[in-house]
Amino acid sequence: MAHAHESNKKRIWVVLAILTIITTVEVAFGIVKPDALHLHGLGTSWLNWLFIILTLVKAYYIAWAFMHLEGEKTWFRRSIVWTAVFLVSYVLFIILIEGDYLHETLAPLVKW
């Protein structure tokens with residue numbers, strides 16, 4: 001029993017290290033904001049897409065590690081992950097399209 005406890009501690013430290021690295025990269029890009037990533041593509045800047053992708057990677061890894069998805073059957077993992085991927089993609093699509101429409105429509109009326 002003690003051996004299983006040690007492996008859980010190691011697992012938690014590995015997960016903490018991976019999430020810390022991803023968060024550090026996000027914070028670094030948020031502080032530096034490279035000019036090359038301010039180019040617009042697919043509804044928003046590439047910097048925003050980088051933040052969206054890194055956040056989704058963190059969310060997936062948290063679900064993988066703390067919801068114990070790595071130990072589940074393949075079909076169950078895929079049903080959870082692909083449902084979330086499609087829902088998040090749909091919400092992002094709607095937010096980006098509607099936000100762009102509102103910006104274009106209200107631009108003559110509002111000083112941004």
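Please keep in mind that the model is predicted: local features need pLDDT of at least 70, side-chain atom pairs count only at pLDDT 80 or more, and totals for chains, interfaces and linings use all residues. Residues are numbered from 1 along each chain as its sequence is written, and side-chain values use heavy atoms, with hydrogens and water left out.

Helices (H or I, at least four residues) and strands (E, at least two) are DSSP runs, numbered from the N terminus. Helix 1 covers residues 2-32, and a loop runs between this helix and strand 1, at 40-41. Helix 2 spans 46-66, with another loop between helix 2 and helix 3. Helix 3 takes in residues 74-106.

In an unreviewed entry, UniProt lists residues 12-31, 46-67 and 79-97 under "transmembrane region". The positions are given in the numbering used here, feature names are shortened, and annotations may be inferred rather than shown by experiment. In the model, residues 12-31 are 100% helix and 0% strand, with end C-alpha atoms 28 Å apart. The span 79-97 is likewise 100% helix and 0% strand, and its end C-alpha atoms lie 27 Å apart.

Ile22 is found in helix 1, and Lys58 lies in helix 2. Contact here means heavy atoms within 4.5 Å. Not counting residues up to four places away in sequence, Ile22 touches Leu54, Val57 and Lys58. The C-alpha atoms of Ile22 and Leu54 are separated by 6.9 Å, although these residues are 32 residues apart along the chain. Is Ile22 buried or exposed? Ile22 counts as buried because its relative accessible area is 13%, where buried means under 20%, exposed over 50% and partly exposed in between (1.4 Å probe, protein chains only).

A salt bridge is a side-chain nitrogen of Lys or Arg within 4 Å of a carboxyl oxygen of Asp or Glu. Lys58 forms one with Glu26, the closest N and O atoms being 3.0 Å apart. This pair links distant parts of the chain, with Lys58 in helix 2 and Glu26 in helix 1, 32 residues apart. Lys58 is buried, at 19% relative accessible area, and Glu26 is also buried, at 12%.

Which residue forms a salt bridge with Glu70? The partner is Arg11, and the closest N and O atoms are 3.2 Å apart. Here too distant parts of the chain are linked: Glu70 sits in the loop between helix 2 and helix 3, Arg11 in helix 1, and they are 59 residues apart. Glu70 counts as partly exposed at 31% relative accessibility, and Arg11 is partly exposed at 31% as well.

The loops hold two residues with a backbone feature to notice. Most residues other than glycine have a negative phi. Lys33, which is not a glycine, has a positive phi of about 50°. This residue, Lys33, is in the loop between helix 1 and strand 1, and it is partly exposed at 44% relative accessibility. His68 is not a glycine either and has a positive phi of about 60°. His68 belongs to the loop between helix 2 and helix 3 and is exposed, with a relative accessible area of 52%.

The whole structure holds three aromatic pairs. One of them joins Trp82 and Phe86, with 6.0 Å centre to centre and 35° between the planes, which makes it tilted. Rings of Phe, Tyr and Trp (its six-membered ring) pair if their centres lie within 6.5 Å; planes under 30 degrees apart count as stacked, over 60 as edge-to-face and the rest as tilted. Trp82 and Phe86 are four residues apart in helix 3, about one turn of the helix. Trp82 is partly exposed at 47% relative accessibility, while Phe86 is exposed at 58%.
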